[in-house]
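Q: Could you show me how to read paired strands and a nonpolar core in a protein model?

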Amino acid sequence: MKALKFIKVMLVAAWMFMINLNVNAGTPGDNLVRNAEEVNGVIVSETVYKMNNGILNNYMKYNYKYNENNLRSEEETQKWDAENNTWINNVTIHYTYDNKTIKAEYYKWNAKKNQYILIPNMTVIMDR
């Protein structure tokens, strides 16, 4: 059971690492610029722009929600769709907390259903 939990945690960590690589690495010569919006001491959104020929273009957007204890309760990732000039939902993570654990549930956007769909095998429960 512990081995399965460890494997899940490692898969989630690898998945989040890959998302960060997509945002932070880019291809050689790409310049990424971040702009965070803060309200009452917490970051509520972060927009990532990609520099192209001296012009900043929308790239990725992160939206955050917090619970009454200022712990992050939701994290949403959106990608920029330049063709339609709009943000497209990608992934959301819902966090729940109790005295001993943190539960992270991963949802992937389903455009056909126009809603986020839970990915049960990506759900992770971690000790606090």
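A: Strand S2 (residues 42-52) and strand S3 (residues 55-66) run antiparallel to each other and pair over 8 bridges, where strands are DSSP runs of E with at least two residues, numbered from the N terminus, and two strands pair if DSSP finds at least two bridges between them. This is a predicted model, in which local features need pLDDT of at least 70, side-chain atom pairs count only at pLDDT 80 or more, and totals for chains, interfaces and linings use all residues. Residues are numbered from 1 along each chain as its sequence is written, and side-chain values use heavy atoms, leaving out hydrogens and water.

Q: What does S3 form with S4?

A: S3 and S4 form a hairpin with 5 residues between them, and Asn-70 in that turn has a positive phi of about 60°. S4 covers residues 72-81 and pairs with S3 in the antiparallel sense over 7 bridges, with Glu-74 in S4 as the bridge partner of Lys-65.

Q: Which residues make up the largest nonpolar core?

A: In soluble globular proteins, nonpolar side chains tend to be buried together. Here the largest nonpolar core has 6 residues, namely Val-91, Ile-93, Tyr-95, Ala-104, Tyr-106 and Met-122; such a core is a set of buried Ala, Val, Leu, Ile, Met, Phe, Trp, Tyr and Cys residues joined through side-chain atoms within 4.5 Å, buried being under 20% relative accessible area with a 1.4 Å probe and protein chains only.

Note on methods. Helices (H or I, at least four residues) and strands (E, at least two) are DSSP runs, numbered from the N terminus. Buried means under 20% relative accessible area, exposed over 50%, partly exposed in between (1.4 Å probe, protein chains only).
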